Amino acid sequence: MEHAPAPDTGPPPLVRRTLFVIGCLLVIVTPAVAVLPGPGGVFTFAGGMSLILRYSPWAKRRYVTFKRRWPRHGAWCDWGLRRHSAKRRKARDKAAAAGKD
């Protein structure tokens, strides 16, 4: 018995592309913002990357490859992006470690 694919409940394609382009622009603008006093560059880069990862399947695949190659850096990225999957994985690993004791 095959399952039907879940309906796409996200934003329409034009909105997705627009948000992706905004994310790319934020990442491109980051070096210019980074030279200003204050932590503005960090926020523009994080905001841009979160938009890119949310709305680009290609970027998601590259992110998964990055995390597999460098899991420690991937954990920092998950923390910085506040990814729900990272929180679930951490809770699951913690429960598994508690069950072994």
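Where is the place of Asp78? I looked there to begin with and found Asp78 in helix 4, residues 71–81. Helices here are DSSP runs of H or I with at least four residues, and strands are runs of E with at least two, numbered from the N terminus.

**Ground rules**

I am working with a predicted model: local features need pLDDT of at least 70, side-chain atom pairs count only at pLDDT 80 or more, and totals for chains, interfaces and linings use all residues. Residues are numbered from 1 along each chain as its sequence is written, and side-chain values use heavy atoms, with hydrogens and water left out.

**Asp78, continued**

Is Asp78 buried or exposed? Asp78 has a relative accessible area of 4%, so I noted it as buried. The scale is this: buried is under 20% relative accessible area, exposed is over 50%, and partly exposed lies in between, with a 1.4 Å probe and protein chains only. I then checked Asp78 against Lys67, eleven residues apart along the chain. Their C-alpha atoms are separated by 9.4 Å.

**Whole chain**

I counted five helices and zero strands. The order from the N terminus is α-α-α-α-α. The chain has 101 residues, and 16% of them count as buried. Accessible areas come from the Shrake-Rupley method with a 1.4 Å probe; for residues, only the protein chains shown count as cover. I also looked up contacts, meaning heavy atoms within 4.5 Å. Among contacts with a separation of 6 or more, 39% join residues 24 or more positions apart.

Which residues form a nonpolar patch on the surface? I listed Val21, Leu25, Ile28 and Val29, with about 360 Å² of accessible area together. Patch members need over 30% relative accessible area and no salt bridge; like charges are joined within 9 Å, and nonpolar side chains (Val, Leu, Ile, Met, Phe, Trp, Tyr) within 5 Å.

I took two members in turn. Val29 lies in helix 1, residues 13–34. Its relative accessibility is 39%, so Val29 counts as partly exposed. Val21 is in helix 1 too. Val21 is partly exposed, at 45% relative accessible area. Val21 and Tyr55 are 34 residues apart along the chain, and their C-alpha atoms are separated by 9.6 Å.

**Thr30 and Phe45**

Thr30 is another entry for helix 1. Thr30 counts as buried because its relative accessibility is 10%. What does Thr30 contact, leaving aside its neighbours within four places in sequence? I found Gly41, Thr44 and Phe45. The side chains of Thr30 and Thr44 are joined by a polar contact of 3.2 Å. A polar contact is a pair of N or O atoms within 3.5 Å; within protein, one must be able to donate a hydrogen and the other to accept it, and residues adjacent in sequence count only if both atoms are side-chain atoms.

Phe45 sits in helix 2. With a relative accessible area of 40%, Phe45 is partly exposed. Not counting residues up to four places away in sequence, Phe45 touches Val27 and Thr30. I also checked Phe45 against Cys24: 21 residues apart in sequence, 9.3 Å apart in space, C-alpha to C-alpha.

**Ser56**

I moved on to the loop between helix 2 (40–55) and helix 3 (57–69), where Ser56 is found. Ser56 is buried, at 7% relative accessible area. A polar atom of the Ser56 side chain lies 3.1 Å from the backbone nitrogen of Ala59.

**Aromatic pair**

I found one aromatic pair. The ring centres of Phe66 and Trp70 are 5.5 Å apart and the planes stand at 55°, so I logged the pair as tilted. The rule covers rings of Phe, Tyr and Trp (its six-membered ring) with centres within 6.5 Å; planes under 30 degrees apart count as stacked, over 60 as edge-to-face, and the rest as tilted. Phe66 is partly exposed at 28% relative accessible area. Trp70 is partly exposed at 38%.

**Salt bridge**

Side chains of opposite charge can pair when their charged atoms come close. The rule I used asks for a side-chain nitrogen of Lys or Arg within 4 Å of a carboxyl oxygen of Asp or Glu. How many salt bridges does the count come to? The count comes to one. Arg92 forms a salt bridge with Asp93, with the closest N and O atoms 3.9 Å apart. Arg92 counts as exposed at 53% relative accessibility, while Asp93 counts as partly exposed at 43%.
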